[in-house]
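Work through the exercises below with the model open beside the text. Try each task before reading its solution.

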Amino acid sequence: MWWNSSTGNNVSHQSSGAYVFRPNGTHPWPMNKENIPKTSVYLGSIVQEVVQVWNDWASQTIRICANSRFVEVTSTIGPVSIADGNGKEVISRYRSDIASGGKWYTDSEGQEFQERRYNHRDYPYNITEPVAMNYFPVNFGAYIKEQDRQLTIIVDRSRGCASLSNGEIETMIQRRLLHDDGFGVGEPLNESNIVRVTERVMLTPPNETSIHRMQMAELNQPPILLFADAGARIGDWISNNVVVSTPMAEALPVGIHLISFKTLETGQVLLRLQNTFASSENPNPIVVNFEQLFSSFQIEEVTAMTLSANRPLNQLHRMKWKTRTTAIEDDNIEFGNDFNFHKNDNIAEAIRLERRKIALKPQEIATYVIRYSPIAPVGNAYDVKNSSSQQLPVNG
């Protein structure tokens, strides 16, 4: 479907443009006159696909993989036709029988989800833009829900999102406009490129947050494939190189996201970990054991750093505010960035020398610099089981 871009009317001379979304009407247009696509179905034992071709510039591939919890929808749009003289703002709309009650939820930079309400503002207002005023940014995902069901849309890039009717949710895919909105660009957003966007659609109980967070990470941070010239004999290359390697000894706890893992000029490793859950999803801290974290090297020292890693955490001096703290029973655990948790009036060590565990509170990001010694590979892989364990000193 697509919204017809406004060029100005009796309400306002404002046209839709690069900075302004202003459709000309409250009902989107179908992709063709019949609103029926040409459909092809492909059935396999691993993947099943339905390809919908709406016109010569718009198609969708709906894909289901074996044992998958989501439906993947890939839309290929462009160059958007302007032969009829209309600017178009292309959307993908999902309908369900979920009683959403005029509410939907969008993420804030991948962090907590914000509740949105149809035609709602916290101040008196007149409804002059019933479509545009209900559009909100979405970076990773959005959903509608009722008591026992939740329809979640995971997106692969930032876009606009709205729920204009009960049980519906839509996202903006592509825009091609013919008029400037007068806010500084000085030309229409006449976007003639072809775009291909992917969304993952999930229908789950509302409490299955870990699955949604996992899909947000997988879709927006896919693995990167690297290739090298192995020479004439691949067998010789395999026998002379480490071909099976992972720095992790075991999977991170559910909800912990590895943000940064890179070597510094000093030869140390910079590590950032995040608890992806919001307090409304899982209020409990998640514990990470440093000693059991890595397989390819032995940790000798860990220093807790500020978020930007420009100074040790115990050298940070900031204003203290009276806040409530959370107790945790395990004496061997400290909170990664929780100053108020420590008894010392000064900023104490985030992790004391004899301690090997940290606990990350909801939405907390913790940064560490690690000094290590490598574990020599055995054959063409690292010998994790036979590597020796030693004391883990950790500095604040």
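The model is predicted, so local features need pLDDT of at least 70 and side-chain atom pairs count only at pLDDT 80 or more, whereas totals for chains, interfaces and linings use all residues. Residues are numbered from 1 along each chain as its sequence is written, and side-chain values use heavy atoms, with hydrogens and water left out.

**Exercise 1. The chain as a whole**

Task: State how many helices and strands the protein chain has, and what percentage of its residues count as buried.

Solution: Begin with the secondary structure, where helices (H or I, at least four residues) and strands (E, at least two) are DSSP runs numbered from the N terminus. On that basis the protein chain holds 2 helices and 24 strands. Next take accessibility, for which buried means under 20% relative accessible area, exposed over 50%, and partly exposed in between (1.4 Å probe, protein chains only); of the 396 residues, 41% count as buried. Finally turn to contacts, meaning heavy atoms within 4.5 Å: among those with a separation of 6 or more, 64% come from residues 24 or more positions apart.

**Exercise 2. Arg159 in strand E12**

Task: Is Arg159 buried or exposed, and which residue is its bridge partner?

Solution: First locate the residue: Arg159 is found in strand E12, which spans residues 159-162 and pairs with E9 in the antiparallel sense over 3 bridges. Within that pairing, Arg159 is the bridge partner of Val138. Its relative accessible area is 9%, so Arg159 is buried. Leaving out residues up to four places away in sequence, Arg159 touches Phe136, Pro137, Val138, Thr171, Met172, Val197, Thr198 and Glu199. The side chain of Arg159 also reaches the backbone oxygen of Arg157 at 3.3 Å.

**Exercise 3. Arg63 and its salt-bridge network**

Task: Which residues are linked with Arg63 in a network of salt bridges?

Solution: Arg63 lies in strand E4, and strand E4 (residues 58-65) pairs with strand E5 (residues 71-77) in the antiparallel sense over 6 bridges. Arg63 counts as partly exposed at 21% relative accessibility. Setting aside neighbours within four places in sequence, its contacts are Val47, Gln48, Glu49, Val71, Glu72 and Thr74.

A salt bridge is a side-chain nitrogen of Lys or Arg within 4 Å of a carboxyl oxygen of Asp or Glu. Arg63 and Glu72 meet in such a bridge (2.9 Å, N to O), and Glu72 is buried with a relative accessible area of 15%. The network links Glu49, Arg63, Glu72, Arg200 and Glu218.

**Exercise 4. Other salt bridges, and the cysteines**

Task: How many salt bridges and how many disulfides does a search of the whole structure find?

Solution: The search finds 21 salt bridges. One of them joins Lys88 and Asp84, with the closest N and O atoms 2.8 Å apart; Lys88 counts as buried at 3% relative accessibility, while Asp84 is partly exposed at 43%. For disulfides, defined as pairs of cysteine sulfur atoms within 2.5 Å, the search finds 0. As for individual cysteines, Cys65 is partly exposed, with a relative accessible area of 32%, whereas Cys161 counts as buried at 0%.

Methods
Pairing = 2+ DSSP bridges. Polar contact = N/O pair within 3.5 Å; in protein donor to acceptor, adjacent residues only side chain to side chain.
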